[in-house]
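Dear colleague,

I am passing on the structure we spoke about, and below it I have set out what was found. Please read the notes with the model open beside you.

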Amino acid sequence: MPRTIAIGEQDFSKIIEKDYFYIDKTNFIKEWWENGDAVTLITRPRRFGKTLAMSMADYFFSVRHAGRSDLFENLSIWREERYRKLQGTYPIIFLSFASVKADHYEMARKKISQLIVNLYRDHDFLVNSGFLRGEDIAFYNRVSADMDSADIENSIGQLSRYLGKYYKKNVIILLDEYDTPMQEAYVHGFWDQLVNLMRGLFNSAFKTNVYLERGIMTGITRVSKESVFSDLNNLEIVTTTSCKYEASFGFTREEVFRSLEEFGLQEKAEGVKQWYDGFRFGDCGSIYNPWSITQFLDKRKFQPYWANTSSNALVGKLIQESDRRVKMAVEDLIEGKSFRIIIDEQLVFYELDMNQDAVWSLLLASGYLKIIDFYHTDNEFEEEPVEYGLMLTNYEITLVFQKMIRGWFAVCKSSYNDFLVSLLKNDLEGMNEYLNRVALSTVSSFDSSNHPSEYMQPEKFYHGLVLGIMLDLRNQYIITSNRESGFGRYDILLEPRSQEDDGMLFEFKVFNPKRERNLKDTVQLAVRQIIDKKYASSLKEKGVPKEKIRIYGFAFKGKEVFIDGGYIKELLERGSI
């Protein structure tokens, strides 16, 4: 009988006590303790078990849970006597910033204050026992939702001192989702205000804290040391490319296959691999997202579960505001291609607007991309590989990216929906009106640059724009891009899933003033290319009759768009081509 899957449960004790589905990750405690690092920052994508791991560490180390050996007796950590003696022996400060999501600084500050208030309330015994006196009582009483920034910054350090003296033992600090407030601050424009507060808080908790035994921080991104961890020389940073704790977060292939057997789903192994495999941490390949796997075991059908957990506002902002190179690379990724780029794993938030390539570091840290290979530089003093080969992680992530493309144009969603309605009706006037509106709303002058040396780049950018719009027709058409047909490669082809619908071909060209008088000339060249190179042969081979094949030329000049075309047969009869 398979165990019950408790979707979303992140309290370690409840999972063990009720014998819910759980894959033993207690080896993380042993590995972390034996490494001896003072403060460890671990970055992993969302829904990879970070919070559950922190809850596990809390129950293992905390004096509040002394005597809870029942939680660990059947797990790997309990095999060694020395770790049995370690359970329940340290004062713990456990805090999560996961809920600190706000669109302005004062709200974020208040949420952080309230978390600290709740933390202090959990330790009211320090006051009620009469242990605290004088200035310590005064500080304790100042901790409130309205406390000033100086008290916020000193709060964790002060609580460490109280607990260290009370238990006569230094504290372990667990801070989960440390970077959530900072991502929100960058997205909503209050980074400078928040980073000063966070720097002071981290400095008090992890740098100048003489009552700190060890600390763990978890998050999605590695925020630059200069931003918030200045002079914190005892910080060990573990990213997705690090070998430390490589199997402690996420499920390995062996763990997934054993789970499939437990639930009688062995025959689904190949599908599970295609959909959910592909994450890589350090040298450990074939890591699976725990959220997706547990959802699949519970619901027994393939869906993009991880993709639907929440939106990544920072990823969306960077892609939406990126230049055409990024958007072109995203299109290539969706087509299953890889690319090479130099990656700096630490995010310097105040440089994100100036450094377009930072989006790839974020996408790698967030789990959207996987490393397929890497190369060291020729610099003999360089310790790490700096150039990575990257591609989308798996099929689930590919579906996410298709949604992202549509998200680029969310501000004009009604316009491109109208465009699709006009396209299906072969309404050229409507198609021109609505696509011009989309272009005007979403295309920057940089993206649509029409300098002579940049013809192919804007052509590919517009190709990506229209391809993104077409994705809403996936249920009605098989959509392909840049495939061979006839004597060349068409830009976009829509193959109808029903015999009742028309097949369509699209060719994109950017206006060239040296050879064309206007956009009509450019469109004619595009349409003629479809005919001359026999791009329609692919549709004919699929059984689409000639009279049900439409072809369209798209001509672009800056933010101006012109579309012409229609049924091949009618175009030939009226001499348009």
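**What the model shows**

The secondary structure of the protein comes to 24 helices and 20 strands, and please keep in mind throughout that this is a predicted model. Among contacts between residues at least 6 apart in sequence, 72% join residues that are at least 24 apart.

As to confidence, the mean pLDDT of the protein is 86, and 86% of its residues reach 70 or more. The stretch to treat with caution is residues 444-456, where the pLDDT is below 50, although this stretch has 27 contacts in the model beyond near neighbours in sequence. Where pLDDT is low, the predicted coordinates should not be read in detail.

**The five-stranded sheet**

One part I looked at is an open sheet of five strands, in the order β14-β17-β18-β19-β20, whose pairing is mixed. Strands β14 (477-481) and β20 (560-567) stand at the edges, and because each has a single partner strand, one side of each is left without a neighbour in the sheet. From one strand to the next, the twist averages 15 degrees.

Within this sheet, β18 (residues 503-510) and β19 (residues 549-557) pair in the parallel sense over eight bridges, and Glu 507 stands opposite Gly 553 in β19. Helix α22 (residues 519-532) packs on the sheet, where it touches β18, β19 and β20, and the direction of α22 makes about 140 degrees with that of β19.

**Arg 550**

Which residue in strand β19 deserves a separate note? It is Arg 550, which is found in that strand and which, at 2% relative accessibility, counts as buried because the cut-off for that class is under 20%. The side chain of Arg 550 reaches the backbone oxygen of Leu 423 at 2.6 Å, and a polar contact of 2.8 Å joins the side chains of Arg 550 and Tyr 552. If residues up to four places away in sequence are not counted, Arg 550 touches Leu 423, Leu 424 and Asn 426, then Asp 502, Gly 503, Met 504 and Leu 505, and also Gly 566 and Tyr 567.

How values were computed:
Residues are numbered from 1 along each chain as its sequence is written. This is a predicted model: local features need pLDDT of at least 70, side-chain atom pairs count only at pLDDT 80 or more; totals for chains, interfaces and linings use all residues. Side-chain values use heavy atoms; hydrogens and water are left out. Two strands pair if DSSP finds at least two bridges between them. Helices (H or I, at least four residues) and strands (E, at least two) are DSSP runs, numbered from the N terminus. Axes are lines fitted to C-alpha atoms, for helices over the stretch in contact, and angles run from 0 to 180 degrees between N-to-C directions. Contact means heavy atoms within 4.5 Å. Buried means under 20% relative accessible area, exposed over 50%, partly exposed in between (1.4 Å probe, protein chains only). A polar contact is a pair of N or O atoms within 3.5 Å; within protein, one must be able to donate a hydrogen and the other to accept it, and residues adjacent in sequence count only if both atoms are side-chain atoms. pLDDT is the predictor's confidence in each residue, from 0 to 100.
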